[in-house]
Amino acid sequence: MCRWIAYRGRTIPLERYVTEPGHSLVSQSIQALESTASTNGDGFGLGWYGDHPEPGLYREVQPAWSDENLRYLCRHLRSHLFFAHVRAATGTPITRPNCHPFACGTWLFMHNGYIGDWTRLRRPIEALIPDPLYPSRSGTTDSEAVFLAIAGAGLVGPDAGRDPIEATAATLATLTEIVGGPVGGHPFRFTAALANGRDLYAFRYAVNDAANSLYYRESEDGVLVVSEPLDREHRNWIAVPDNSVVVARHDRPAEIVSLRAYGLAPSAPLPRMQVRLSA
């Protein structure tokens, strides 16, 4: 199970949350506290927005704790909106194209989750990617395939401009059908962040399984969304409910929106008996 953080607000150095806190993302790569995979050492990545509409990316296959470049990058890179991700992979190779975040046009995406029986379902899920976007598919993960399907549902291309929550919810509804429905189908977990350089969206959704953990907090600096708190002050963090999205637009306070308003009503979560991750 991967761990990630997403930030939108004042321009700050990435080290503020990636490397500095007591339970920073780098610390979580060594010992996650709310994950069935305590070590997330199968690569890491940074995504950030600066002077260009398209996000910058830095991804590497070695563990975050062993890359000496990461500390320097996080100290000198400054951004108003950035992602950071540490990966725990099972089922897909540890390669740079399989490391998060992923970018398509001005959009940035990262994911913590799983699609059951990915080997069998890969073909129908990849079929959701529109032909013009398929050349952007450089890796083999379910995460990247889902992102490009969402992007093709109205974020980029001729239909660009669709509400990102609506595009994501429509894709999640189709994926729920593909995995066999919300009762008795394959497990499908989707805890993900999506951004366009101005606004940040963080989703927590699952069917036939328990959703992965997600928290957020808002301060005068901005909004921070995390897989697990970066400190021991849990009272300062808000747990994101199942089947919800944190919406942090650039000119408004953060809010939680239920995905039920978009037609998603998954079954009650099942106890997680085993962990099989391909993110």
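Helix α6 (residues 164–178) lies across strands β6 (107–115), β7 (188–195), β8 (200–207) and β12, and runs at about 20° to β8. Axes are lines fitted to C-alpha atoms, for helices over the stretch in contact, and angles run from 0 to 180 degrees between N-to-C directions. Helices (H or I, at least four residues) and strands (E, at least two) are DSSP runs, numbered from the N terminus.

This is a predicted model, in which local features need pLDDT of at least 70, side-chain atom pairs count only at pLDDT 80 or more, and totals for chains, interfaces and linings use all residues. Residues are numbered from 1 along each chain as its sequence is written, and side-chain values use heavy atoms, with hydrogens and water left out.

**The helix**

At 1.5 Å a residue, the 15 residues of α6 should span 21 Å, and its end C-alpha atoms are 21 Å apart, which agrees. The expected span is 1.5 Å times one less than the number of residues. Buried residues (under 20% relative accessible area, 1.4 Å probe, protein chains only) of α6 include P164, I165, L172 and L175. The buried residues of α6 pack against β6, α4 (118–126), α5 (142–152), β7, β8 and β12. Contact means heavy atoms within 4.5 Å. Just after α6, G180 takes a positive phi of about 110°.

**The open sheet**

An open sheet is formed by 6 strands in the order β5-β6-β7-β8-β12-β13, with antiparallel pairing. Strands β5 (102–104) and β13 (255–258) stand at the edges; each has a single partner strand, so one side of each is left without a neighbour in the sheet. Neighbouring strands of this sheet are turned by 20° against each other on average, direction ignored.

**Antiparallel pairs**

Two strands pair if DSSP finds at least two bridges between them.

| Strands | Bridges | Opposite residues |
|---|---|---|
| β12 (residues 244–248) and β13 | 4 bridges | S244 and S258 |
| β9 (residues 215–218) and β10 (residues 222–226) | 4 bridges | R217 and L224 |

A hairpin joins β9 to β10 through 3 residues.

**Confidence**

The predictor's confidence in each residue is pLDDT, from 0 to 100. The chain has a mean pLDDT of 91, and 93% of its residues reach 70 or more. Over residues 270–279, pLDDT stays under 50. For this stretch the model has 40 contacts beyond four places in sequence. Where pLDDT is low, the predicted coordinates should not be read in detail.

Methods. Buried < 20%, exposed > 50% of the residue type's maximum accessible area, 1.4 Å probe, protein only.
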